[in-house]
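Here is a model to explore together, one question at a time.

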Amino acid sequence: MQEYLDFLANNTLLVVAWFGLVTAIVVMTVMAKLSKVQIIPAQQAVLLINKQDAVVIDVRAAEEFRKGHITGAINVPASQLKANDLSLIQKYQQKPLILVCETGMTTSSIGRILTKAEFTQVHTLRGGMADWRTQNLPVAKR
């Protein structure tokens, strides 16, 4: 036991950093489990689109959207959604929504905004368009 106390005394900064990282991992895991926004892989997104008529909302900039997007996706820039301008997607409030960005990092915060605005089924595409392209799934360019 004395060895542990000596280690703590000699490496205080290291121990504090370690506890901070462990706490961050636990908090992030709990937040992900409690979130109403589901992160789904591309295969599940395809099933939602085909079976439940899910609406794909692409939150990338218009230039990126024109370079390639999921067929049938609606382009609503993230800045517009973050400003609570939900007019373009309000009619889809009761339908399953799949949020897509380039890497899957931007959509979680937008998903929280939409759930607060009472959208019932909000999903984010894990890995975003980068993962979609990696799996050779269809991409439209018009």
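The questions below go through this predicted model, from its cores to its salt bridges.

Q: Which residues have the most contacts inside the largest nonpolar core?
A: This core has 17 residues. Strand S2 (55-58), helix H5 (78-82), strand S4 (96-100) and helix H6 (107-116) each supply at least two of its residues. A second, separate core of 14 residues includes Ala42, Ile70, Val100 and Trp132. Back in the largest core, the residues with the most contacts inside it are Ile57, Leu81, Ile89 and Leu114.

Q: Which residues does Leu81 touch, not counting residues up to four places away in sequence?
A: Leu81 is listed with those that have the most contacts inside the largest core. In soluble globular proteins, nonpolar side chains tend to be buried together. With sequence neighbours up to four places away not counted, Leu81 touches Ile57, Val59, Val76, Leu86, Ile89, Ile110 and Ile113.

Q: Is Thr107 buried or exposed?
A: Thr107 is placed in helix H6. Leaving out residues up to four places away in sequence, Thr107 touches Val59, Leu99, Val100, Cys101 and Thr124. Buried means under 20% relative accessible area. Because the relative accessibility of Thr107 is 0%, this residue counts as buried.

Q: Which residue's backbone oxygen does the side chain of Thr115 reach?
A: Thr115 also sits in helix H6. Apart from neighbours within four places in sequence, Thr115 is in contact with Lys36, Val37 and Val122. Its side chain reaches a backbone oxygen at 2.9 Å, and that oxygen belongs to Arg112.

Q: How many Å apart in space are Ser35 and Thr115, C-alpha to C-alpha?
A: Ser35 is found in the loop between helix H2 (12-34) and strand S1 (38-40), and a polar atom of its side chain lies 3.1 Å from the backbone nitrogen of Val37. Ser35 counts as partly exposed, at 30% relative accessibility. In sequence Ser35 and Thr115 are 80 residues apart, while in space the C-alpha to C-alpha distance is 9.4 Å.

Q: Which residues are linked in a network of salt bridges?
A: Arg60 forms a salt bridge with Asp58, at 2.8 Å between the closest N and O atoms, and another with Glu102, at 3.1 Å. The latter pair links distant parts of the chain, with Arg60 in the loop between S2 and H4 and Glu102 in the loop between S4 and H6. Arg133 forms a salt bridge with Glu102 too, the closest N and O atoms being 2.9 Å apart. The network therefore links Asp58, Arg60, Glu102 and, from helix H7 (residues 128-134), Arg133.

Key: Residues numbered from 1 in each chain as written. Predicted model: local features only at pLDDT ≥ 70, side-chain atom pairs only at ≥ 80, totals over all residues. Heavy atoms only, no water. Core = buried A, V, L, I, M, F, W, Y, C linked by side-chain atoms within 4.5 Å. Buried < 20%, exposed > 50% of the residue type's maximum accessible area, 1.4 Å probe, protein only. Helix = DSSP H or I, 4+ residues; strand = E, 2+ residues; numbered from the N terminus. Contact = heavy atoms within 4.5 Å. Polar contact = N/O pair within 3.5 Å; in protein donor to acceptor, adjacent residues only side chain to side chain. Salt bridge = Lys/Arg side-chain N within 4 Å of Asp/Glu carboxyl O.
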